[in-house]
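Here's a quick briefing on a few side chains worth a look. Have the model open as you read.

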Amino acid sequence: MRAPSIVVLTGAGISKESGLDTFRDPDGIWARVRIEDVATPEAFARDPARVHEFYNARRRGLLGAQVEPNPAHRALARLEAESPGGVLVITQNIDNLHERAGSRNLLHMHGELLKSRCAHCKAIAACTDDLTVALACPACGAAGGMRPHVVWFGEMPLGLDAIEAALAGCETFIAIGTSGNVYPAAGFVADAAVAGARTIELNLEPSMGHSLFAECRYGPAATIVPAFIDELLKGGR
Ligand code: APR
């Protein structure tokens with residue numbers, strides 16, 4: 001398959017104006033909860049009910065009526081629909097706002113909040129209700145092994161082979177709303193640059209890796225992303 005000419009990496013900042021919290025901003029999730037209590041395999045082994053409670057609350061929040069894709073998500077769907085060379089959106093987000101906005105060529109490298117996975121049979125299922133320690137797997141019937149289909153710290157992100165191939169073949173790499181703290185995603189800009197791609201950061205403020213980008217624009221995603229995509233589609237720089 002031909003590599004997409006545009007690869008977009010998104011992070012929590014793109015969903016902030018949809019009402020979902022980021023992680024490392026002063027009002028972010030990691031200011032209230034410790035990673036090692038809720039987002040590692042060890043935390044789940046130690047206290048699965050606590051981990052379920054954390055993700056159940058986030059799932060209920062995501063499914064709340066007021067959480068909708070914002071103009072930044074919609075601009076990326078338009079980019080995909082109107083770009084002849086193809087677009088791949090790689091998201092670190094576990095929300096479903098890109099697909100709800102219309103993105104189709106989408107890779108959830110940190111998993112999806114609206115899916116569960118069984119530790120026994122590995123089956124992945126749609127999940128809109130709370131998960132519990134006692135819940136039985138809808139596929140194999142075993143109880144006690146259900147977990148959110150998300151990637152925790154210390155686990156391998158999903159789709160890395162496809163991502164590596166896309167980065168090696170793209171002409172444009174755009175990072176949106178990500179702080180550049182978490183690898184391997186934080187290293188994608190360097191891979192794209194080595195492959196000769198134009199690299200652009202769109203973020204509220206300079207990220208950890210801002211100096212690795214050839215171009216940077218700062219402001220809220222719902223404003224700066226549609227403006228940048230308009231320019232890109234018109235062929236301007
Ligand atoms: N528009 C654009 N950018 C924004 C906005 C906004 N409205 N609001 C915040 N930001 C920026 C912040 O300035 C920050 O640089 O978004 C970035 C969010 O960074 P993080 O909270 O670190 O989120 P992210 O980069 O997605 O985190 C990566 O870390 O905890 C893990 O698994 C989690 O996928 C997540 C990963």
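Is Cys 170 buried or exposed? At 4% relative accessibility, Cys 170 is buried (under 20% relative accessible area; exposed is over 50%, partly exposed in between, with a 1.4 Å probe and protein chains only). Keep in mind that this is a predicted model, where local features need pLDDT of at least 70, side-chain atom pairs count only at pLDDT 80 or more, and totals for chains, interfaces and linings use all residues. Residues are numbered from 1 along each chain as its sequence is written, and side-chain values use heavy atoms, leaving out hydrogens and water.

**Cysteines**
- There are zero disulfides here (a disulfide being a pair of cysteine sulfur atoms within 2.5 Å).
- Cys 127 is in no disulfide, with the nearest cysteine sulfur, in Cys 137, 12 Å away; Cys 127 is buried too, at 6%.
- For Cys 170, the closest cysteine sulfur is that of Cys 216, and at 16 Å it's too far for a bond.

**Salt bridges**
- The whole structure has 12 salt bridges (a side-chain nitrogen of Lys or Arg within 4 Å of a carboxyl oxygen of Asp or Glu).
- Arg 32 pairs with Asp 21 at 2.9 Å between the closest N and O atoms; Arg 32 is exposed at 54%, while Asp 21 is partly exposed at 32%.
- Arg 78 and Asp 230 form another, at 2.2 Å from N to O.
- That pair bridges helix α4 (residues 71-82) and helix α8 (residues 221-234), 152 residues apart (helices are DSSP runs of H or I, at least four residues, numbered from the N terminus).

Conventions
Helices (H or I, at least four residues) and strands (E, at least two) are DSSP runs, numbered from the N terminus.
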